[in-house]
Amino acid sequence: MIQKTSRSTNHFTVLITLLRDRKAFLQEIRQGEGLQGKIISLLVCSSVCFALYGAIVGLFHSPAQSLSSAIKLPSLYLLTLLICLPTLYIFSTFFGSNRSLGQHFAVVLSAASVISALLFGFAPVTLFFLITTQHYQFFKLLNVAIFMLTGVIGVQFLYNGIQLISDEDPEGQAIRTRILQFWLMLYGFVGSQLGWTLRPIFGSPNSPFELFRQMQGNIYLDIVKAVSEILGFN
């Protein structure tokens with residue numbers, strides 16, 4: 001028991017180190033220091049943080065939805081990472097990057113871990129509104145705003161992180177930067193579409209529990225519908 005507690009503490013120590021001194025953490029990744037340990041710790045910590053936030057969000061509907069969302073939310077972020085990572089690595093390598101797949105994975109996972117930690121920080125706020133409001137569309141839009149804010153911060157971290165671990169040789173740097181900018185847009189679209197595919201994550205309280213819903217519409221139309229309902233247009 002003591003040994004398991006110590007391991008958990010060590011995992012979260014890695015996350016705290018990332019949050020406190022991001023530049024030094026990324027420099028260690030650039031130098032290839034302790035990549036395996038960092039990857040394992042960040043996988044554990046990000047999964048726990050995403051799962052906790054997903055459980056709170058899903059609880060607006062039911063305990064069953066809470067459990068489902070606790071599984072879906074970490075799956076959403078990690079699957080998006082795995083789907084998009086090969087594109088970033090192959091194109092970066094093709095245009096002159098000498099960084100390994102493990103280094104790219106560690107940086108992208110660091111960004112996901114930053115997002116998970118920020119969501120964990122918002123958890124008390126989300127729990128407060130879970131307890132004090134019954135308006136589903138307001139609760140959903142509140143969380144969409146939180147996801148967007150944490151996502152923007154995570155993407156900015158990822159952009160800076162990839163730039164930091166890049167080779168100092170300027171040859172090919174400009175094209176790698178443009179590829180990175182394109183890849184970040186791709187990452188956002190894949191994450192949005194995957195989130196829509198895995199829905200429901202929130203779960204409307206007026207609907208029965210569903211593990212997955214039929215594919216129809218898209219996330220952007222759903223957000224417009226939610227805003228219209230709050231403003232009284234529906």
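Analyst: The model is predicted, so local features need pLDDT of at least 70 and side-chain atom pairs pLDDT 80 or more, while totals for chains, interfaces and linings use all residues. Residues are numbered from 1 along each chain as its sequence is written, and side-chain values use heavy atoms, with hydrogens and water left out.

User: Which residue forms a salt bridge with K38, and is that partner buried, partly exposed or exposed?

Analyst: A salt bridge is a side-chain nitrogen of Lys or Arg within 4 Å of a carboxyl oxygen of Asp or Glu, and the count comes to one. K38 pairs with E28, their closest N and O atoms being 2.8 Å apart. K38 is in helix α3 (residues 35-58) and E28 in helix α2 (residues 22-30), so the pair ties together parts that are 10 residues apart in sequence.

User: Which element gives the largest share of the lining of the largest cavity?

Analyst: A cavity is a set of points on a 1 Å grid over the protein atoms alone where a 1.4 Å probe fits but cannot get out, and lining residues have an atom within 4 Å of a point. The largest cavity has a volume of about 80 Å³, and the residues lining it include S92, R99, H104 and L180. The elements that give two or more residues to this lining are α6 (136-165) and α7 (173-198). The largest share, four residues, comes from α7.

Methods: On a 1 Å grid over the protein atoms alone, a cavity is a set of points where a 1.4 Å probe fits but cannot get out, and a pocket is an open set with protein on both sides within 12 Å along at least five of seven lines; lining residues have an atom within 4 Å of a point. Grid points are joined across faces, edges and corners, and a volume is the space filled by probe spheres set on the points.
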